[in-house]
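Here's a friendly walk through one protein structure. Take a look at it first, and then we'll go through it topic by topic.

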Amino acid sequence: MPTYNGDEVNALVLDVGSMWTRAGFAGEESPYAYFPTSVGYMIDSDSESSKNNKKAPEQNPTIESNNENAEKNDSMDVDTETNKNEKSTNDSEKSDTRLKYYVGNSGISLFRPGMEVKNVLADGMVDDWDAYEKILDYALYNQLRINPEEHPIMVSEASWNSAEKREKLTELMFEKFKCPGFYVCKSAVLTAFGTGKSTALVVDSGADFSSAVPVYDGYVLQKGIVRQNLGGNVISDLIVDYLKEEQNYQITPLFEIKRKERVEVGKQPIFDRRDLGGITDSFRNYMIRQTVLEYKESVCQVLEYPYDENTASSRGNKSFEFPDGFSLVLGSRRFYEPEVMFQPNLFFNKDRTRIGKNLENMNTDKNDENINGNQNMNNNTNLERKKDAHEYMSIQELAYRAVSKCDVDLRPHLLHNVVLTGGNTLFPGFTERFSNELPKLCQSSRVRIHTPGSTIDRRYTAWLGGSILASLGTFHQMWISSEEYQEQGTSIVNKRCF
Amino acid sequence: MASSHITPTPDLHLTPTLSHHLKLKKAYKFIIFKISDDSKEIVIEKTSESKSYDDFVSALPPTDCRFAVYDFTYEMPDGGERQKLCFYSWSPDTAKVKPKMLYASSKDAIRKRLDGINIEIQCTDLDEVSHKSVLEKAMRTSR
């Protein structure tokens, strides 16, 4: 355990991001555990056989998933039937308690019949508290292997987290984990501090969303926060669409492949599919996302100047081989999809629907029955985008709008201290492009873009900030102690941590 | 706010004597503060009477962070001397993350103890701390 200034602190730091969770000991330079913020879950079949009042996992089990269950062995099929019957009679609250959760890299990426995958956060805030608890369980007991009753815990949160959710988190920490001290810190502030700034505009582009958060003297200026759900996952979806439409190729995730043959570049893959029953849509989709992530990390880049096919094709080719043997040599295309961060209007209409597409089309061009659910999922996200009728804005406009919402005197300070962070900014060329685009919008001020450390550091800048802060002997006066919690209740978190 | 709670040492009678020292008595031209090695308090590292701005700049360590106050004097274009007290948070890109974090989260504590600061400068490289860019800032604030 790290000891500082004679005060033993032993604090733990947790940073739960939209894609990855980082957990570790305060004072260390990198998080001890780094695993996906998604959980796999399915009905706990042990308890199911003993008690017959088991229910379907979600309130919305789709027809497709029941069909898939039907493909499984008979006994499983019967179970599903009982579940369905029970569902109509049972109240919905009891359902979650009998779910079996799988967390961590090996928990979630391993195929299990009937396992669904879901993300714990929505819009940067905790959405599913049961699953969130499982993430914390896993981080504390399985990864760090400590007893939380002995360690104060610092958790980072999105700058727009609601007061109710923070109180709920406080309650969880003290009631369930019984930790001796607790503090919740805005990740934008930790990122700014970790870059050596108490005043900064923190531009964070992650998997789910991108945000621009003004921080002044260590305080988040709430009215200046601008965010939208345009992030790495949108780029991934665009890549999947491109492969489907222009290469006539559907990604088959690695776990489904039994045997593959070498094929020439651009030729349809020849492979045998493993005979697996009970693949859920959410699991397949998750695994496809992982493959696309690899694709993005291997080949995608951002041009320094607005996308131009000629410039892009002069940058050389890179090849990528998918798990099923399908391979592509990519030239200018490598630069195309990430361009959505800077020119969303190339891809999306004003109502956030894809340009040159309609929803009917997307449903009919299906040829592989197995991937139906996947298709539906894409459809759903498209529908959501449509609901949210604001036009997508580019990342530079996002930053600019955040600055414009702040006091005039502050703007030059913020623009001079722009900090770029988040996994989605790790495309080669992203920083340079952003540094070229932002000054175009605000010509009167000098703009300076800072990026924290190396690209590896950028994956956990906020965690590192928390680690240093929580390791300070002098920080002990900031912790909410369990005594204070007993006296004042959950509302203390909103008085102490802001 | 998330603060380190590293505070200026109690025996460092900063206020109001600091402004007094710098402005009235002109005892010092600049003062450089650092966070003590045990990360517990902010102490004075160096004081100087040197009139040369370069001396001040070279007193800032290239790979570590510091706080500093400089008594900045300059001439207005229409003549007449002006004087501004500048507060610097020096946090070079080359510094390690730990000092960056410590200094950024402690800035508020020292800043509150300092009276009569006219200009605040958050700087990451020599360009931002240069006489020219500070002068620019000073000119903007003085009419």
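Rings of Phe, Tyr and Trp (its six-membered ring) count as a pair if their centres lie within 6.5 Å; planes under 30 degrees apart are called stacked, over 60 edge-to-face, and the rest tilted. With this rule, the count comes to 35 aromatic pairs over all chains. Keep in mind that this is a predicted model, where local features need pLDDT of at least 70 and side-chain atom pairs count only at pLDDT 80 or more, while totals for chains, interfaces and linings use all residues. Residues are numbered from 1 along each chain as its sequence is written, chains are lettered from A and ligands numbered from 1 in the order in which they are written, and side-chain values use heavy atoms, leaving out hydrogens and water.

**Aromatic rings**

- Take A:F255 and A:F283: their ring centres are 4.9 Å apart and their planes sit at 65 degrees, so this pair is edge-to-face.
- That pair links distant parts of the chain, 28 residues apart: A:F255 is in the loop between α8 (232-246) and β17 (257-260) of chain A, and A:F283 is in helix α9 (residues 281-299) of chain A. Helices (H or I, at least four residues) and strands (E, at least two) are DSSP runs, numbered from the N terminus.
- Are A:F255 and A:F283 buried or exposed? Both are buried, where buried means under 20% relative accessible area, exposed over 50%, and partly exposed in between (1.4 Å probe, protein chains only).
- Over in chain B, B:Y53 and B:F72 make an edge-to-face pair too, with 5.9 Å centre to centre and 85 degrees between the planes.
- B:Y53 belongs to helix α2 (residues 53-58) of chain B and B:F72 to strand β4 (residues 66-75) of chain B, so the pair ties together parts that are 19 residues apart in sequence.
- Both B:Y53 and B:F72 are buried, and they belong to one aromatic cluster together with B:F30, B:F56, B:Y70, B:Y74 and B:Y88.

**Charges over rings**

- A charge sits over a ring if NZ of Lys or CZ of Arg is within 6 Å of the ring centre and within 35 degrees of the ring normal.
- A:R112 does this over the face of A:Y102, 3.7 Å from the ring centre.
- A:R433 lies over the face of A:F342, at 4.6 Å from the ring centre.

- Which strands make up the open sheet of 3 strands? Their order is β7-β6-β8 (chain A), and the pairing is antiparallel; two strands pair if DSSP finds at least two bridges between them.
- At the edges are β7 (99-102) and β8 (116-119) of chain A, each pairing on one side only.
- Strand β6 (residues 38-43) of chain A pairs with β7(A) in the antiparallel sense over 4 bridges.
- A:Y102 in β7(A) is the bridge partner of A:G40, and A:Y102 is also the ring under A:R112.

**Loops and a hidden helix**

- Two residues have a positive phi without being glycines: A:N248, at about 50 degrees, and B:S39, at about 55 degrees.
- A:N248 is in the loop between α8 and β17 of chain A, and its 53% relative accessibility makes it exposed.
- B:S39 is in the loop between β2 (30-35) and β3 (41-48) of chain B, and with 10% relative accessibility it counts as buried.
- A:S394 is in the loop between α12 (372-387) and α13 (395-404) of chain A, and at 8% relative accessibility it is buried.
- Leaving out residues up to four places away in sequence, A:S394 touches A:M341, A:F342 and A:P344; contact means heavy atoms within 4.5 Å.
- In helix α16 (residues 461-471) of chain A, 11 of the 11 residues are buried, so the helix is largely enclosed by the rest of the structure. Among them are A:W463, A:L464 and A:I468.

**The two chains overall**

- Chain A has 18 helices and 23 strands, and 56% of its 498 residues are buried.
- Chain B has 5 helices and 6 strands, which run β-α-β-β-α-β-β-α-β-α-α from the N terminus on.
- Buried residues make up 53% of the 143 residues in chain B.
- Among contacts in chain A between residues at least 6 apart in sequence, 71% join residues at least 24 apart.
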